[in-house]
Amino acid sequence: MKELRCRDVGFDCDAVVRAETEEEVLRQGAEHARTTHGLTNLDADTVKGIQSKIRTI
Ligand SMILES: [Zn+2]
């Protein structure tokens with residue numbers, strides 16, 4: 001399983017995204033960022049930064 005904590009990305013937020021694959025975590029994380037934090041477009045550097053925070057659990 002892969003896990004991404006929203007807080008680790010820099011938001012004051014307790015959301016945690018878990019999924020089987022890194023791709024799915026990224027997809028759900030992007031969706032959460034869009035719907036909850038109003039981030040409509042994530043540039044490549046932001047995505048890279050988020051990817052670096054994904055951990056294996
Ligand atoms: Zn969040």
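**Figure 1. His32 sits in helix H2.** The model is predicted: local features need pLDDT of at least 70 and side-chain atom pairs count only at pLDDT 80 or more, while totals for chains, interfaces and linings use all residues. Residues are numbered from 1 along each chain as its sequence is written, and side-chain values use heavy atoms, with hydrogens and water left out. Helices (H or I, at least four residues) and strands (E, at least two) are DSSP runs, numbered from the N terminus. His32 has a relative accessible area of 17%, so it counts as buried. The cut-offs are under 20% relative accessible area for buried and over 50% for exposed, with partly exposed in between (1.4 Å probe, protein chains only). Leaving out residues up to four places away in sequence, His32 touches Cys6, Cys13, Ala15 and His37. Here contact means heavy atoms within 4.5 Å.

**Figure 2. Four protein donors surround the zinc ion.** The donor atoms are SG of Cys6, SG of Cys13, NE2 of His32 and NE2 of His37, and they lie 2.0 to 2.3 Å from the zinc ion. Along the sequence the donor residues follow the spacing C-x6-C-x18-H-x4-H. Distant parts of the chain are linked by the pair Cys6, in helix H1 (residues 6–9), and His32, in helix H2 (residues 22–37), which are 26 residues apart. Cys6 and His32 are both buried. Donors are N, O and S atoms within 2.8 Å of the metal (3.2 Å for Na, K and Ca); water is not among the atoms, so sites may look incomplete. The arrangement is tetrahedral because the four donor atoms subtend angles of 104 to 115°. Four donors count as tetrahedral if all angles lie between 85 and 135 degrees; four count as square planar and six as octahedral if opposite donors are over 155 degrees apart and all others between 65 and 115, and anything else is irregular. The ideal angle for four tetrahedral donors is 109.5 degrees.

**Figure 3. Arg7 lies in helix H1.** Arg7 has a relative accessible area of 41%, so it is partly exposed. Apart from residues up to four places away in sequence, Arg7 touches Asp12, Cys13 and Asp14. The side chains of Arg7 and Asp14 are joined by a polar contact of 2.5 Å. A polar contact is a pair of N or O atoms within 3.5 Å; within protein, one must be able to donate a hydrogen and the other to accept it, and residues adjacent in sequence count only if both atoms are side-chain atoms. Arg7 and His37 are 30 residues apart along the chain, and their C-alpha atoms are separated by 12 Å.

**Figure 4. Three strands form an open sheet in the order S2-S1-S3, with antiparallel pairing.** S2 and strand S3 (55–56) stand at the edges with a single partner strand each, so one side of each has no neighbour in the sheet. Two strands pair if DSSP finds at least two bridges between them. Strand S1 (residues 2–5) pairs with S2 over four bridges and with S3 over two. Lys2 stands opposite Ala19 in S2, and Arg55 in S3 is the bridge partner of Glu3. In strand S2 (residues 16–19), Val17 and Ala19 make up the covered face, while Val16 and Arg18 make up the uncovered one. In a regular strand the side chains alternate between the two faces of the sheet.

**Figure 5. Glu3 in strand S1 makes a polar contact with Arg18.** Glu3 is buried because its relative accessible area is 4%. Arg18, found in strand S2, counts as partly exposed because its relative accessibility is 44%. The polar contact between the side chains of Glu3 and Arg18 is 2.7 Å. A further polar contact, of 3.1 Å, joins the side chains of Glu3 and Arg5. With neighbours within four places in sequence set aside, the contacts of Arg18 are Met1, Lys2, Glu3, Val25, Gln28 and Ile57.

**Figure 6. Seven residues form the largest nonpolar core.** The members are Leu4, Val17, Ala19, Val25, Leu26, Ile50 and Ile54. S2 and H2 are the elements that give two or more residues to this core. A nonpolar core is a set of buried Ala, Val, Leu, Ile, Met, Phe, Trp, Tyr and Cys residues joined through side-chain atoms within 4.5 Å. Ile54 is in contact with Lys2, Glu3, Leu4, Glu22, Val25 and Leu26, leaving aside its neighbours within four places in sequence. In soluble globular proteins, nonpolar side chains tend to be buried together.
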